[in-house]
Amino acid sequence: MSVRVRFAPSPTGFLHIGGLRTALYNYLFARHHGGTFVLRIEDTDQNRYVEGAEEDIIKSLEWAGMTIDEGPNKPGDVGPYRQSERKTMYAEYAKQLVDGGHAYYAFDTTEEIDEMRERLKKSGNPSPSYDSITRQSMKNSLTLPQDEVEKRLENGDEYVIRLKVPRRETVKFEDLVRGIVSFETGGLDDQVLMKSDGMPTYHLANVVDDHTMGITHVIRGEEWLSSAPKHMLLYNAFGWEPPTMAHLPLIMSPSGGKLSKRKAESEGIPVNTKDYISGNYEPEALVNFLAYLGWSPGDDSEIHDMKELCELFALDRVSKGGAVFNHKKLMWYNEHYIRETSVSELVPRIKALAEAQGFDTKDEEYLTKVIELLHERVSKIDEFVSMGSFFFEAPKEYDENALKKWKEDSAGFVKAYESKIEALSESDFIAANLKSALEETVAENEVGFGKVMMPVRIVTTGQGFGPDLFASLELIGKEETLSRIDSALKQLT
RNA sequence: GCCGCGUUCGUCUAGGGGUCCAGGACGCCGCCCUUUCACGGCGGUAGCACGGGUUCAAAUCCCGUACGCGGUACCA
């Protein structure tokens, strides 16, 4: 049987970075086995639905380089791919469960359930739940006379359908990441399967869908492990073969705990995939980084593109413990992928970024040279623009830190240097000559190289660091260089 | 509280009884290269949570403890 996996996010917001990794592992697994990657939208909670979330999910997956084989945007044979559109199916299956004695109607109001919880708490039960014991004293089709149940149903009284969890049973299953996992049903509650609004809960919907969509492997986050036994009970009740399970370790925040929006952002980690897109991260870097966050191929390799990851990926090599998100390592990957990208590929991307900020990037030849000079020193491609803005326009202000190196004698050295390069013809205004002019200035004044170079750098670029100064000046050109020196001298002296 | 899952350098991990006084990567530190910065090269720092077993031999198997994380909804 060929592998079919699904990524099943709920459209309650922007795609979380942890969700993206779950999707990635599903995708890699599918591709590794020549299987199918399905996107299913789990929108059974109408209260939490967020407009535009589905588009964000699809856009994010595409940006990361994952191709959806079947999904709401690309229907296959087992659609629809949004749970809200499969509503009638769930009701039928729930009825089937009730008829088979595996589920029952419950008419209790929220208040009545709260009361029950309060009462049990008082009598010493620290975590009361609607379960095989308490259901006996509640209003449901197990306790109410048959005719009253029918009457309530006919009257259109509000009801839910609950799973009738067996009293004492052990649910055991094999998880591809964790091995054998087992639970006692005594600790499970009679989970609601159908809500009073007619929508199924996640538990029912995911089981029905995974089965009817032919899903062979359920690969999801560890937060689902606790409800997995309920799902196994459901497969059993339906008489279906359950898919193979694999629960992934969670991505943790550096300060501990699940990587939540609040935590992550206070630690400088973007949580939503869209923030990586708008933040100009390299998708290849994020994918490589995420793949290694909780998985490793077992050798000493670190760098793999999507194609290689697909070849290497195996669920039994996924680690069990949670993995802390290390933003510095992500940046290392990002730098790596930028260096791997050819200058010609970079040109259009940086042109767009720079122009969006109102810079004139001149011609392509010029931009190419700018990129060559900065290629080895940026961490993210937007730094080509921020670090290289002086290539596009004269500095508007001088970096505060750099100015610390501006001393009493700096202006004099800059003037001395200026008079030397002023003498250079346009065609002689090249890096080698600009460098020897500086060396001469240094020698004539009997000072260190930096005493002259740093001030020149500051007045021409506004910064105390950057690409090779002489190559930069050559690119900026004689006229512009001299004009920058003059206007800086006016401001700084 | 209860249930479940986990625990190898600061972080991500390799390791699945002897070849491990534990290997790689990020970070950090130092040196070299560069008369700036960065890149690159070389080197260094640092870890098997704890306690019991099993065994000739345990990071690797078993039990317990501690700690961490997840779940405990008519949310997913």
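How many nonpolar, polar and charged residues does the surface near RNA strand B have? By class, there are 19 nonpolar, 16 polar and 23 charged residues. Here Ala, Val, Leu, Ile, Met, Phe, Trp, Tyr, Cys and Pro count as nonpolar, Asp, Glu, Lys and Arg as charged, and the others, Gly among them, as polar. A residue is near a strand if one of its heavy atoms lies within 4 Å of it.

Before we go on, a word on the model. This is a predicted model, in which local features need pLDDT of at least 70 and side-chain atom pairs count only at pLDDT 80 or more, while totals for chains, interfaces and linings use all residues. Residues are numbered from 1 along each chain as its sequence is written, chains are lettered from A and ligands numbered from 1 in the order in which they are written, and side-chain values use heavy atoms, with hydrogens and water left out.

Now look at the RNA. Of the 58 residues around RNA strand B, Ser127, Arg178, Lys195, Arg377 and Arg457 come nearest. Of the atoms of RNA strand B that come within 4 Å of the protein, 72% belong to sugar and phosphate.

Helices are DSSP runs of H or I with at least four residues, and strands are runs of E with at least two, numbered from the N terminus.

A pocket is an open set of points on a 1 Å grid over the protein atoms alone, where a 1.4 Å probe fits, with protein on both sides within 12 Å along at least five of seven lines; lining residues have an atom within 4 Å of a point. A volume is the space filled by probe spheres set on the points, which are joined across faces, edges and corners.

The largest pocket has a volume of about 1,000 Å³. Among its 37 lining residues, Ala8, Pro9, Ser10, Glu223 and Trp224 lie nearest its centre. Helix 1 gives the most to this lining, with five residues.

The second largest pocket, at about 280 Å³, is lined by 15 residues.
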